[in-house]
Amino acid sequence: EGGNLISAARRTAESFQKESGIPVTFSGTNAPVGLPQETTLEVLQMVRESLHNVQKHAGATRVALSLEKSERGLEISVEDNGHGFSFAGSYTLDELELMRLGPASLKRRARSLNAELQLESRPGRGAGIKFRIPLQ
């Protein structure tokens with residue numbers, strides 16, 4: 001449930017920081033999120049995958065993870081100061097799929113949750129991925 005999602009995301013960030021040595025700045029809502037258990041698990045997997053991608057590909061020295069509830073849904077953001085992708089700019093899920101760019105499994109998960117996805121790449125300066133998951 002909501003509080004559990006935020007504390008689980010915080011624990012995920014802490015574990016990532018210990019294992020990778022990359023400092024993580026975490027910010028999370030205190031409001032109950034109200035997602036079904038299955039969706040909560042999927043969101044946590046998206047957070048884990050995003051952090052794993054930073055560790056594996058970005059060469060980052062810091063990461064910011066944010067989970068906030070808004071009137072438009074649960075907004076998740078993972079930003080790093082690493083290499084960025086080989087392309088520059090900000091792209092939606094549909095644009096990424098058309099161009100065959102971006103992390104395939106995260107795009108698939110976003111689709112399965114009917115989530116919006118925005119990927120921003122700043123080559124040489126980092127990248128950010130944002131998801132907005134609708135709340136029923």
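## Helix 4: exposed and buried faces

A residue counts as exposed when its relative accessible area is over 50%, and as buried when that area is under 20%. In this predicted model, the exposed residues Arg108 and Ser112 sit on the face of helix 4 that is turned away from its buried side.

Helix 4 covers residues 104-112, and its buried residues are Leu106, Lys107 and Ala110. Viewed down the helix axis, these buried residues fall within an arc of 100 degrees, so they line one face of helix 4.

Several elements cover the buried residues of helix 4, including helix 2 (37-58) and helix 3 (93-99). Strand 5 (116-122) and strand 6 (126-133) are also among them.

Just after helix 4, asparagine 114 adopts a positive phi of about 60 degrees.

## Packing of helix 2 against helix 4

The axes of helix 2 and helix 4 lie 10 Å apart, and the two helices pack at an angle of about 160 degrees. Angles over 145 degrees count as roughly antiparallel, and helix 2 and helix 4 are therefore roughly antiparallel to each other. The crossing in which helix 2 passes helix 4 is left-handed.

On the helix 2 side, the contact is made by Glu42, Gln45, Met46, Glu49, Ser50 and Asn53. Helix 4 contributes Ser105, Leu106, Arg109, Ala110 and Ser112. By class, the residues of this contact between helix 2 and helix 4 divide into 3 nonpolar, 5 polar and 3 charged. Leu106 and Ala110 of helix 4 take part in the contact and are also buried residues of that helix. Ser112 likewise takes part in the contact, but Ser112 is an exposed residue on the face turned away from the buried side.

## Arginine 122 in strand 5

Strand 5, one of the elements covering the buried residues of helix 4, contains arginine 122. With a relative accessible area of 17%, arginine 122 is buried, because the cut-off for buried is under 20%.

Neighbours within four places in sequence left aside, arginine 122 is in contact with Glu79, Asp80, His83, Gly84, Ala127 and Gly128.

## Glutamate 14 in helix 1

Glutamate 14 belongs to helix 1, which spans residues 2-20. Its relative accessibility is 42%, so glutamate 14 counts as partly exposed.

Glutamate 14 and valine 24 are separated by 10 residues in sequence, and the C-alpha to C-alpha distance between them is 7.5 Å.

Definitions and conventions. Residues numbered from 1 in each chain as written. Predicted model: local features only at pLDDT ≥ 70, side-chain atom pairs only at ≥ 80, totals over all residues. Heavy atoms only, no water. Buried < 20%, exposed > 50% of the residue type's maximum accessible area, 1.4 Å probe, protein only. Helix = DSSP H or I, 4+ residues; strand = E, 2+ residues; numbered from the N terminus. Arc of directions from axis to C-beta. Contact = heavy atoms within 4.5 Å. Axes fitted to C-alpha atoms, helices over the stretch in contact; angles between N-to-C directions. Parallel < 35°, antiparallel > 145°, perpendicular 65-115°, else oblique. Left-handed = near helix turned anticlockwise from the far one by under 90°. Nonpolar A, V, L, I, M, F, W, Y, C, P; charged D, E, K, R; others polar.
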